[in-house]
Amino acid sequence: MSRPRDPASIQLSKNVSPYIPCDCTNVMMKLQLRAEFFAAVLCVMAGCAAQPARREPSFHQRAIEEARRPIHPQSDWNRQAKQFIAPPVLRLEGIAKDGESVFVYGSDGSRHELIARGNTVSLAPTWETLPVGTTKIRNRTFHRGAVFDGPYGSAVVPYDESARLALETLVHEPFVRSWLSRGEPDAVTYPLYRYSAKIIGSLVSGCALAAKELPHADDRAAAIEIGRAAADYLLSISQPAGSPLQFMPPTYHGATPTERENDRWTMMMTAAEAAQGYLDFYDATGEQKYRDAALRIAQTYAKTQSPDGTWWLKVDNVTGGKVADVKLIPSEVIRLLDRLNDPRFRSTLDRAVEWMMDNPVRTFDWKAQFDDAKVRGPYENLSKHEACEFASYLLGRGSASLREGEAPAEPRVSKQMPARQEPRPPDITTALEILRWAEDQFVVWEKPPDFPARQGIEALAAKHWITPCSCEQYAMFEPVSGSSAFMIVAYLRAYEVRRDPLLLAKARSLANALTKAQQMHDGRYPTRMIEHDLAYWLNSTVNTSKAMLLLAGQR
């Protein structure tokens, strides 16, 4: 499949279909992709596809108006920020006196004078005159991000068709197919299986979804068989009864010990991720043992919850003690307990939510929590994953707070639990501000930041990014498909409450770019939204498939 070399071809146009030339015959032979997908692609190339939705002139102006308001200026959350779409309030070093002049330099070489107040300076007075690009002020350098000016592009194929293609491709990956013969992970072919709770749990979830969505009976049957093998393997390596983290699947299994990874440690969000896979598989098969496994994990969370309402982020499996002095941002646990809708966990859920409101919602210290990354201190490495999940929870408190299209494990109303009400106005306000922050810090609508590529990897250079996209975390400010999925789901949850077409346009713009990236990567959603992907994380594909299916259901 030919791939573009001109950076301009990777940016989705605002009113032009985002198609690229491809050798469809070779791709079809290689992957045996479904005829319907290629018919749609060929039709588009021939100019017979539906025209992209006409751009709403009001969207850009509304986005400009929204971007004029600083985000959470009372907190020092942005000390390591990589980009801003809204004008930041920065705390700077070396301010000698109140009222001192400070100069900001735009990417076009322009210089603008600002006045410091104490050790802070607001960029609001000059923000709209600064062009998109690298911006400098004293000891700070950051990317002045582009305001939304979409909708961007159009889908290569319908969103649900795109998700099915990604799931079909996943089920046919050799390192996934091997579960049918081995009954265990092929860690040699796919080393990322060492992140067992996340990766194997995601595979279980993806297989459950594939069993529902794929058109061919053989693929659906294989998905169930693979999912069952993966789920049973994960159960077999989980912590034994009577241990401090009993019944929790391990974060690491077969990992070479480093400062980041060790089979003796558990990152406390990963068991909740795996439990979602069990629940998805229970929904697909009706096999009670998988729901029971999720319930046992929830019971361990209830048993190990700290008095303050959360958990330590990284814990020793043997002693149950903390490995690092950092608290878990429990968005994943909240999502699990909310989905279970079990009165036994009501107080655990309520305390976790209260901790969230008293801590990251107040401080905006949305620490990155990744099992392949080192733990960092306050404000050093922020991510929008936990923020988006909690915003989605707040927006869904009045109904089912479900992530990326999943079904509830039990009816949402029972004799033990009261019927839920509509989201409260304060929750909506809080959630929308969190969503603004996530977009401001991590979404790149166009003109990506010209930062030095990590480790000098040319493939990660900005000219190779496929935009619109979303980055994952400060420490790895790169475009990731799963990060776009988190944003899509959060935009959709907000849209369900507000019915604001701008929110839907943003979700669709990110999704359109995902379909283009998929076309460039032979049916996969590439983990990184670049021309030539690096490592393929299957959890990113599963999350993205869920988001695309959820988006397909919106009207």
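## A walk through a predicted protein model

Buried residues make up 61% of the 555 residues in the protein, where buried means under 20% relative accessible area, exposed means over 50% and partly exposed is in between (1.4 Å probe, protein chains only). What you're looking at is a predicted model, in which local features need pLDDT of at least 70 and side-chain atom pairs count only at pLDDT 80 or more, while totals for chains, interfaces and linings use all residues. Residues are numbered from 1 along each chain as its sequence is written, and side-chain values use heavy atoms, with hydrogens and water left out.

The protein has 18 helices and 12 strands. Both are DSSP runs numbered from the N terminus: helices are H or I with at least four residues, strands are E with at least two. Take contacts (heavy atoms within 4.5 Å) between residues at least 6 apart in sequence: 70% of them join residues at least 24 apart.

Let's check some helix lengths.

H4 is mostly covered, with 12 of its 13 residues buried. Among them are Tyr159, Glu161, Arg164 and Leu167. In H8, the buried residues include Asp219, Ala222, Ile226, Ala230 and Leu234. What do the buried residues of H8 pack against? Their partners are H4, H5 (174-177), H6 (179-182), H7 (196-213), H9 (270-285) and H10.

**Helices that cross**

Now for two helix pairs. Axes are lines fitted to C-alpha atoms, for helices over the stretch in contact, and angles run from 0 to 180 degrees between N-to-C directions. The axes of H10 (residues 288-304) and H11 (residues 331-340) come within 11 Å, crossing at roughly 125 degrees. H10 and H11 are therefore oblique to each other, given that angles under 35 degrees count as roughly parallel, over 145 as roughly antiparallel, 65 to 115 as roughly perpendicular and the rest as oblique. Their crossing is left-handed, a label used if the near helix is turned anticlockwise from the far one by less than a right angle (clockwise would be right-handed). On the H10 side, Arg291, Ala294, Leu295, Ile297, Ala298 and Tyr301 meet Val333, Leu336, Leu337 and Leu340 of H11.

For H16 (residues 481-498) and H17 (residues 501-520), the axes come within 8 Å and cross at roughly 155 degrees. That makes H16 and H17 roughly antiparallel to each other, and H16 passes H17 in a left-handed crossing. The residues in this contact include Ser484, Met487, Tyr491 and Tyr495 of H16, plus Leu503, Ala507, Leu510 and Leu514 of H17.

Strands of a sheet pair through backbone hydrogen bonds, either parallel or antiparallel. In this model, 5 strands form an open sheet in the order E1-E7-E6-E3-E4, with mixed pairing. E1 (83-84) and E4 (111-115) stand at the edges with a single partner strand each, so one side of each is left without a neighbour in the sheet. Two strands count as paired if DSSP finds at least two bridges between them. E6 (residues 133-137) and E7 (residues 140-144) pair in the antiparallel sense over 5 bridges, and Lys136 has Thr141 in E7 as its bridge partner. The hairpin of E6 and E7 has 2 residues between the strands, and Arg138 there takes a positive phi near 50 degrees. E3 (residues 101-105) also pairs with E6 in the antiparallel sense, over 2 bridges, with Val104 opposite Ile137 in E6.

**Two residues up close**

Is His385 buried or exposed? His385 is buried, with a relative accessible area of 9%. This histidine is found in helix H14 (residues 385-395). Leaving aside neighbours within four places in sequence, His385 is in contact with Phe370, Glu472, Ser483 and Phe486.

Cys469 lies in strand E11 (residues 469-473) and is buried, with a relative accessible area of 0%. Its contacts beyond four places in sequence include Phe442, Val444, Pro479, Leu510 and Met529. Cys469 and Pro479 are 10 residues apart along the chain, and their C-alpha atoms are separated by 5.8 Å.
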